[in-house]
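Dear colleague,

Please find below the structure that I am handing over to you. My notes on it follow directly after.

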Amino acid sequence: MKFGFFDDANREYVITNPATPWPWINYLGNTDFFSLISNTAGGYSFFKDAKFRRITRYRYNNVPMDEGGRYFYIKEGDTIWSPGWKPCKTPLDVYECRHGMNYTKIKGEKDGLTAEALFFVPLNTHAEVQKLSLTNNSESTKKFKLFSFAEWALWNAATDMENFQRNFSTGEVEVDGSVLYHKTEYKERRDHYAYYSVNTEINGFDTDRETFMGLYNGFHEPQAVLDGASKQSVAHGWSPIASHYLEIELQPGETKDLVFVLGYVENKEDEKWESKGVINKTKAKATIANFDTAEKVDAALAELKAYWDDLLSVYTLDSGDEKLDRMVNIWNQYQCMITFNFSRSASFFESGIGRGMGFRDSNQDLVGFVHQIPERARERIIDIASTQFPDGGCYHQYQPLTKRGNNDIGGGFNDDPMWLILGVVSYIKETGDFSILDELVPFDNDESLAKTMFNHLTVSFDHVVNNLGPHGLPLIGRADWNDCLNLNCFSNDPNESFQTTENKTEGSKAESLMIAGLFVVYGSDYVELCEKVGKQEEAKRARKHVKNMVEAVKQHGWDGEWFLRAYDYFGNKIGSNDNEEGKIFIESNGWCTMAGIGLEEGMVEKALDSVKERLDCEYGIVLNNPAFTKYYIEYGEISSYPAGYKENAGIFCHNNPWIMIGETVLGRGDQAWEYYKKICPAYLEDISDLHKTEPYVYSQMIAGKDAAKPGEAKNSWLTGTAAWNYLTITQHILGIRTHYDGLIIDPCIPVGWKEFKVTRKFRGASFEIEVSNPEGVSKGVKQLFMNDQAIEGSMIPVMPEGKYRVKVILGTST
Ligand code: BGC
Ligand code: NOJ
C-alpha cells in the first residue's frame, strides 16, 4: 500500500494520506540552523547542536506519536482545523504534503478555504521561514481566525526534559509588536535568543503555554483557539511558547500570504542589550526584513532550488528505470547530505541528546557527500582527525558545537582509525587536492601536538599494526564496526550501557576479521597513496603489513565455507560452523571479499555463496545466522536484541552494500543488483504499510527473517546506509569510480541491461558517459572512446574544463 507518490520533476515525495505508518519526515536547513519536520508539521528546530541549542521543544515517544511542532490552527465558525491535519485531525477535503530538497509544503483544504504552508530554512539564514498562503475558493466572503504555535525548549534538550524544579522558574519572553522573543537565560551565560514573527499586525498573542492551551487540553484543542481569542499572556517561568492571533477576512478567490519567521540570534557580550532588560533585536529585525514579503520568500526558495540543481548535477543517471534514477539522482544524494550534516544525532529515532558526530560514521558519510561540496568534506576531515590520539586511536565521537572529543564515550573502537584513510583518500580522489596531506592537524585537539594529515594516516595504519592479537589479526578493542559485538565487556549489570561500560581488554585475545578485511582494503589504499606521493619506503613497509594480514586471514580467518567473524576474549571462534548460533556473519564476509582475500583459491566465491544461502532473505541480507536466542555474556549487546532485530540478525542495511561490492569483485552483476534493489526504498514503496518508514530514504534496519515481522524497517535517515549504497551503485555497479588520475570506468551490471548514461562532473570537466552492453555481459570494458578517440585501458584522464563525450562498450575482449 502507498501513501503518496514520487514527483521526480520537482524532486518531491508527495504524501496524500496524512496517516502514514510512521511520521514521514524531512530536514530543513543545511549548515547551521536546522529543523526536522514531519508530514503533519511535527518536529523541532535547533542551532548547530541538537542537544545544547534546542530551540523548540519536542517530546519523543509521545502518545500519540509526533505531537508537537509548528502548528497553525484555523477557526472558522465552530470548525477548528490544521492544514497538516494534525494536531486537530479534523477531516480535510484536501491534504497534501510535499517533501522536497530541504523544504516542505503542506496543504490542507476545508470548506473552500485552502491553507498552504511552505517551510524552509533559506540559505545562509538562521531561521525557519514559513509562508502560509490562505485562499478563499468559495463563493462567499470568509471570516476566520488564525493562531500560530511554537513551543520553546529551554536550550539544553537534556535538562529541558528533566530539571523541572529549575525549568519552571527560568522562562522569560519579550513581546514587541508581532515578534515574540524567547530570552530564557539570556541575562546570564547565554549569548543567544530565539524569536517568532509574522509580517503583519496581529490581533493578539500568547507566550504562556498553559494560558494558551489550558492545563487539561491537548494540542488539538488549545483553550485560546476554542475560545476564538488569544489571551495576551506574558510567560514568567513555566513553559514559554509563541502564538500569534490573527483575524482574517478573504473575498471569494482572494489569497493572502503571511510570512512567519522562527529565528535564532547570537550577540556579542557587549552587544547583548538595547537597554537594561531589553534585548538587542537588531539581528532579528534584519532577518525578519529579509523575508517580509511573499516575493522575498519565493526568491529565497528559488535560490535554494538552484543550489540543489547545482549539487545534484554532479552525477546524473539516465538508466531507463525511474526508480533507480530517482534514487541516484535525487533521494540517495539528498540523504547523503543529511547524514553528513547530522551524523547520528537528530532524527525521529535519534533524540538529539545522545550522540555527537561519530569518527567512523562521519568518515563513511562523507564518501557519499564529497562530490557535492568538497570544501565542506575537507573541513570535516580535519575536524575528525583533530580528535585522534597520537597513537592513532581516537575519540569515538565529538560534539559539533565544540568539535572536541566526547569523554563520555571515550575511544578504543579499533576499526575507527582505518576509516580516516577512507575519508582522506575519497576526498583526494574526488578533488585531486593532495595539499590536505600537508595540512597540520592537532592530535586530541591540542595544537601543540599537531602533525601533518599524512602522519595521521600513518598512525591510523599503524594503530592496527600495533594492536594485533595471537593470530596476527587485529585486536577488536571495545568493538569494531559492529558496536554490539562487545567481546571485552562481560556485562551482567542491567544498569550499565554496553557502549560505555568498562572495557576489559587486558589479556584479551579478541580479534576481528572485519577489521582485518578493512585493513586490507584501506591499508592497500594507504600503500597506493604512499606510492602516489613518492614515499616508496613507506609504501614498501606498509605493503608488507597488508600482505601479512592477507596471510593471517587465509590461515586463521577461513572457516571452510566462509570467513570467520572474530575470536572472542578466550580465543574461541565466532562466526564458525562450529558455533551453535551466529555461525556466519555479514561483516567479515563483506570486507574480506571486498578485499579479494583468497580470490584465486575460491574463497571469495565460496564466502559469497554462503552469504546467499544463509543470510539472504526476501527483504535483504541479515547480519548473522542463526540469530542469537539467548544472552551470551562474552558477546555482549548483540545477543541482547530479540532475534531478527538490529545487530542480532536484522537486515542492517549499512552492510548489505559490502556484499554487493564483494559480488562486483567476482563480476556477478545480477546478484549485486538483486541485493541493491531489495533494500532500496524506492523499490519498496508499494509495501509502505509493512516497511513503515519513508519510501524515499534508507533505514538503518529492516527486521530480518527471524523477526516477528520481517520487512518492517526502523531508524530511517541517519545511517551509513545512505553513503554506502550511493558509493556502491555509482562507483561499483554503474562503475564510474574516482581515482587520483581520472575516472575509472568499470561497471558491473545485470546481463540484461542494454545501456545507461551518466553525466559526471569531475574536477571542472563534464563527461557525458554512454555505456552500452551489446553482448549482454556483466563486466568488462571492451572499448572506450572520448570524443571519438579510442582510449587504452579503462580510465578517463583528468581533463580541462569543457564537455566530453565518452563512449563505453562492454563485452568480452577478443
Ligand atoms: C545500537 C548500535 C549503535 C550503538 C551505539 C547500540 O544500541 O544497536 O546500532 O551503533 O548503540 O550508539
Ligand atoms: C550504528 C552506529 O552509528 C555505527 O557506528 C555502527 O557501526 C552501527 N550502528 C553498527 O553497530
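Which atom of W481 lies 2.5 Å from an oxygen atom of ligand 2? It is a backbone N or O atom of W481, a polar contact in the sense used here (a pair of N or O atoms within 3.5 Å; within protein, one must be able to donate a hydrogen and the other to accept it, and residues adjacent in sequence count only if both atoms are side-chain atoms).

Before the remaining findings, some conventions. This is a predicted model, in which local features need pLDDT of at least 70 and side-chain atom pairs count only at pLDDT 80 or more, while totals for chains, interfaces and linings use all residues. Residues are numbered from 1 along each chain as its sequence is written, chains are lettered from A and ligands numbered from 1 in the order in which they are written, and side-chain values use heavy atoms, with hydrogens and water left out.

Ligand 2

A backbone N or O atom of D483 lies 3.0 Å from an oxygen atom of ligand 2, and a side-chain N or O atom of R360 is 2.7 Å from an oxygen atom of this ligand. Of the 290 Å² of accessible area that ligand 2 has on its own, the protein covers 94% (Shrake-Rupley method with a 1.4 Å probe; for residues, only the protein chains shown count as cover). The surrounding residues (one heavy atom within 4 Å) are R344, R355, R360, D361, W481, N482, D483, E647, F652 and Q700. By class, this shell holds 2 nonpolar, 2 polar and 6 charged residues; Ala, Val, Leu, Ile, Met, Phe, Trp, Tyr, Cys and Pro count as nonpolar, Asp, Glu, Lys and Arg as charged, and the others, Gly among them, as polar.

Ligand 1

Around ligand 1 stand R355, D483, C484, Q499, E637, Y641, K646, E647, F652 and Q700. This shell divides into 3 nonpolar, 2 polar and 5 charged residues. A polar side-chain atom of E637 lies 2.6 Å from an oxygen atom of ligand 1, and a polar side-chain atom of Y641 also lies 2.6 Å from an oxygen atom of the ligand. For K646, the distance from a side-chain N or O atom to an oxygen atom of ligand 1 is 3.1 Å. The protein buries 79% of the 310 Å² that ligand 1 exposes when taken alone.

Strands

Helices (H or I, at least four residues) and strands (E, at least two) are DSSP runs, numbered from the N terminus, and two strands pair if DSSP finds at least two bridges between them. I651 stands opposite I702 in β35.

Elsewhere, β19 (residues 255-266) pairs with β12 (residues 127-136) in the antiparallel sense over 9 bridges. Strand β16 (residues 192-198) is also antiparallel to β19, joined by 7 bridges. In β19, G263 is the bridge partner of A127, and Y195 stands opposite G263.

Helices

T339 lies in helix α6 (residues 322-342) and is buried, with a relative accessible area of 0% (buried is under 20%, exposed over 50%, partly exposed in between; 1.4 Å probe, protein chains only). Its contacts (heavy atoms within 4.5 Å), not counting residues up to four places away in sequence, are R344, D365, W717, L718, T719 and A722. In helix α13 (residues 586-594), 9 of its 9 residues are buried. Just after α13, G596 takes a positive phi of about 70 degrees.

With kind regards
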